[in-house]
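Subject: Structure handover

Hello,

Here is the structure for your set. My notes on it follow below.

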Amino acid sequence: MANYLLAYHGGMDMSTATAEQQKASMDAWMSWFGGLGDAVVDGGNPAGAWRTVAASGVTNDGGANPVTGYSVIKADSIEAATKIAQGCPILTVGGSVEVAETFNAM
């Protein structure tokens, strides 16, 4: 079994959401994670402020598709990890999930 990074992009802006929207969002995430069981390696966190660094050393606030959070799961294949990602609540609010296999380099 390999580990897979789920990088979340977009989704709901919790700072402008109503209390009811925030609760519904958290309930959906908790339900989804609860259904994943021991496939969850690291539940991850949302991401806040971000900056893009180029090879030249130039930094920019912003970027084309900022990461808004991450999780790490384990699955038998990238296809299985992708199937898990297809149930992610961020997809219901216009976001996307990038799935990438990770490996130990050292």
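Predicted model: local features only at pLDDT ≥ 70, side-chain atom pairs only at ≥ 80, totals over all residues.

Confidence is lowest in strand S4 (residues 59-61), where the mean is 80, and highest in helix H2 (residues 78-85), at 98.

Overall layout

The protein has 2 helices and 6 strands, which run β-α-β-β-β-β-α-β from the N terminus on. Along the principal axes, the C-alpha atoms fill a box of roughly 45 × 45 × 20 Å. Of the 106 residues, 23% count as buried.

Strand S1 and its partners

Strand S1 covers residues 2-9 and is mostly covered, with 6 of its 8 residues buried. S1 has an antiparallel pairing with S5 over 8 bridges. S1 also pairs with strand S6 (residues 96-102), again in the antiparallel sense, over 7 bridges. In that pairing, tyrosine 4 stands opposite glutamate 101 in S6. As background, side chains in a regular strand alternate between the two faces of the sheet.

Serine 71

Is serine 71 buried or exposed? Serine 71 counts as buried because its relative accessibility is 1%, and the cut-off for buried is under 20%. Which side chain does the side chain of serine 71 join in a polar contact of 2.7 Å? The partner is the side chain of tyrosine 8.

The largest pocket

This part may be of use if you plan to look at the pocket. The space in the largest pocket is about 610 Å³. Its lining consists of 30 residues, and those nearest the centre are Met14, Ser25, Trp29, Pro46 and Thr68. Helix H1 (19-36), strand S2 (40-46) and strand S5 (67-75) are the elements that give two or more residues to this lining. H1 gives the most, with 8 residues. By residue class, the lining of the largest pocket holds 18 nonpolar and 12 polar residues, and no charged ones.

Alanine 24 is found in helix H1. With a relative accessible area of 46%, alanine 24 is partly exposed, because this value falls between the cut-offs of 20% and 50%. Alanine 24 and glutamate 98 are 74 residues apart in sequence, and their C-alpha atoms are 23 Å apart in space.

Serine 77 has its place in the loop between S5 and H2. Serine 77 is also partly exposed, at a relative accessible area of 23%. The C-alpha atoms of serine 77 and arginine 51 are separated by 31 Å, and these two residues are 26 apart along the chain.

Those are the notes I have.

Regards

Conventions: Residues numbered from 1 in each chain as written. Heavy atoms only, no water. 1 Å grid on protein atoms, 1.4 Å probe; cavity = no way out; pocket = protein on both sides within 12 Å on 5 of 7 lines; lining within 4 Å. Points joined across faces, edges and corners; volume = space filled by probe spheres on them. Helix = DSSP H or I, 4+ residues; strand = E, 2+ residues; numbered from the N terminus. Nonpolar A, V, L, I, M, F, W, Y, C, P; charged D, E, K, R; others polar. Buried < 20%, exposed > 50% of the residue type's maximum accessible area, 1.4 Å probe, protein only. Pairing = 2+ DSSP bridges. pLDDT = per-residue confidence, 0-100. Polar contact = N/O pair within 3.5 Å; in protein donor to acceptor, adjacent residues only side chain to side chain.
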